[in-house]
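Dear colleague,

Please find below the structure I am handing over to you, together with its sequence. My findings follow directly after it.

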Amino acid sequence: MKRGLLATALAATMLLTACGGDGRLSVQESCKLLSNDQFKPTGNQVQQAKQIADHYADLAKKVDPSIGTIIQGMSDVQKKVADSSTAVATPEQQRQFTDALNSIGKVCPS
């Protein structure tokens, strides 16, 4: 049942995005952008974590909402990493990143 709801929600999101003209990329264009993303952070570990969080937030605003929501979640987690004393992802945060990447992989198969 959950799959059917997810598929329906994804289809509705894609339809609304295509018709709404909100300036975001289509799913196909979003996947292409993500597969070609060459972002490389610089500086120390804290600076890099902040840059990655900002990069994710920027991407989330550009891509299709079905993908952007996932990437915004990654940005939120990365901000917590950047704000930690070590700027190193905890095992739970690493799991969240993995889950997010797997979710994106379902929308953007390679």
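I begin with a helix pair in this predicted model. Ser66, Ile67, Ile70, Ile71, Met74, Val77, Gln78, Lys80 and Val81 of helix H4 are in contact with Gln93, Gln96, Phe97, Ala100, Leu101, Ser103, Ile104 and Val107 of helix H5. The axes of H4 and H5 (residues 91-107) lie 10 Å apart, at an angle of about 165°. Angles over 145 degrees count as roughly antiparallel, and H4 and H5 are therefore assigned to that class. Their crossing is left-handed.

H4 (65-83) also takes part in covering the buried residues of helix H3, as does helix H2 (27-35). Those buried residues are Ala49, Ala53, His55, Ala57, Leu59 and Ala60. At the start of H3, a side-chain oxygen of Asn44 comes to within 3.0 Å of the backbone nitrogen of Val46.

Finally, I would draw your attention to Ser30, which is located in H2. Ser30 has a relative accessibility of 0% and therefore counts as buried, the cut-off being under 20%. The side chain of Ser30 reaches the backbone oxygen of Ser26 at 2.7 Å. Leaving aside residues up to four places away in sequence, Ser30 touches Leu25, Val63, Asp64 and Ile67.

With kind regards

Key: Residues numbered from 1 in each chain as written. Predicted model: local features only at pLDDT ≥ 70, side-chain atom pairs only at ≥ 80, totals over all residues. Heavy atoms only, no water. Buried < 20%, exposed > 50% of the residue type's maximum accessible area, 1.4 Å probe, protein only. Helix = DSSP H or I, 4+ residues; strand = E, 2+ residues; numbered from the N terminus. Contact = heavy atoms within 4.5 Å. Polar contact = N/O pair within 3.5 Å; in protein donor to acceptor, adjacent residues only side chain to side chain. Axes fitted to C-alpha atoms, helices over the stretch in contact; angles between N-to-C directions. Parallel < 35°, antiparallel > 145°, perpendicular 65-115°, else oblique. Left-handed = near helix turned anticlockwise from the far one by under 90°.
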